[in-house]
Amino acid sequence: MQIPWSETPAIRPLAYADIADLAEIEKEEPSAWSQDAIAAELLQTDGLQFVFSKSGITSGWLCCRISGCEAELLKVTVSKKCRHRGVATLLLSCLEQELTERGVGKLFLEVRSSNVSAIAFYFQVGFTEVGRRINYYRQPTDDALLFKKKL
Ligand SMILES: CC(C)(COP(=O)(O)OP(=O)(O)OC[C@H]1O[C@@H](n2cnc3c(N)ncnc32)[C@H](O)[C@@H]1OP(=O)(O)O)[C@@H](O)C(=O)NCCC(=O)NCCS
């Protein structure tokens, strides 16, 4: 069942005040986004971003861009110490609810073929693999797997 973010106290739209905390979480990952990159998402008129923050501790976020009746998930990151507790699942559920309300019917994403934990997560939450871009990523070179979820 999808849960609207407005009914989920731990989830709220990204605010400028979250950026420093999120950049620290991002630093745990090789594909880390900088503070500037996160801040830039807030300026996107076609963007949607949510954070998971409970008891003053921010532990994850995601962002997407909307194009007509489709959207692309650009980022989902949960801090290492808060993984396997359903944070990403909840963030995604709230995003999907918001997208559905805006008339978006399909959510796409790209992921490194070596990112086995993210791939396991995407399958678990209902995405299907719809393509592969050979050698799409650099440093290190890797294929991109394309995933899609019908909302
Ligand atoms: C992928 C990621 C966002 C998952 O966040 P999370 O909050 O731990 O995910 P959830 O707790 O909601 O997991 C839901 C399900 O996904 C699957 N899953 C999540 N992480 C997994 C892992 N490391 N290995 C296998 N399955 C995994 C499991 O089925 C899990 O259910 P379970 O805990 O009951 O077994 C997190 O591992 C992360 O931030 N990774 C680094 C950033 C990244 O690679 N992002 C994606 C590409 S941009």
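This is a predicted model: local features need pLDDT of at least 70, side-chain atom pairs count only at pLDDT 80 or more; totals for chains, interfaces and linings use all residues.
I started at the ligand: one of its oxygen atoms lies 2.8 Å from a polar backbone atom of H84. My cut-off for a polar contact is a pair of N or O atoms within 3.5 Å; within protein, one must be able to donate a hydrogen and the other to accept it, and residues adjacent in sequence count only if both atoms are side-chain atoms.

Numbering runs from 1 along each chain as its sequence is written, and side-chain values use heavy atoms, with hydrogens and water left out.

Back to the contacts. I found a ligand oxygen 2.8 Å from a polar backbone atom of G86. With T89 it is the side chain: an N or O atom there is 2.5 Å from an oxygen of the ligand. The ligand exposes 910 Å² when taken alone, and the protein buries 74% of that (Shrake-Rupley areas, 1.4 Å probe; for residues, only the protein chains shown count as cover).

Next, the shell. I looked up 18 residues around the ligand, with V76, H84, G86, T89 and N115 coming nearest (near: a heavy atom within 4 Å). β4 (70-78), α3 (87-101) and α4 (116-124) each supply at least two of the shell residues, and α4 gives the most, with 6. Elements here are DSSP runs numbered from the N terminus: helices are H or I, at least four residues, and strands are E, at least two. By class I get 8 nonpolar, 7 polar and 3 charged (nonpolar is Ala, Val, Leu, Ile, Met, Phe, Trp, Tyr, Cys and Pro; charged is Asp, Glu, Lys and Arg; the others, Gly among them, are polar).

Then the pocket. A pocket is an open set of points on a 1 Å grid over the protein atoms alone, where a 1.4 Å probe fits, with protein on both sides within 12 Å along at least five of seven lines; lining residues have an atom within 4 Å of a point. I count 34 lining residues, with E29, V76, N115, A118 and Y122 nearest the centre. β4 gives the most to this lining, with 7 residues.

The Q139 to P140 peptide bond is cis, omega near -5°, and P140 is in the loop between β6 (128-137) and β7 (142-150). S55, a residue other than glycine, has a positive phi near 50°.
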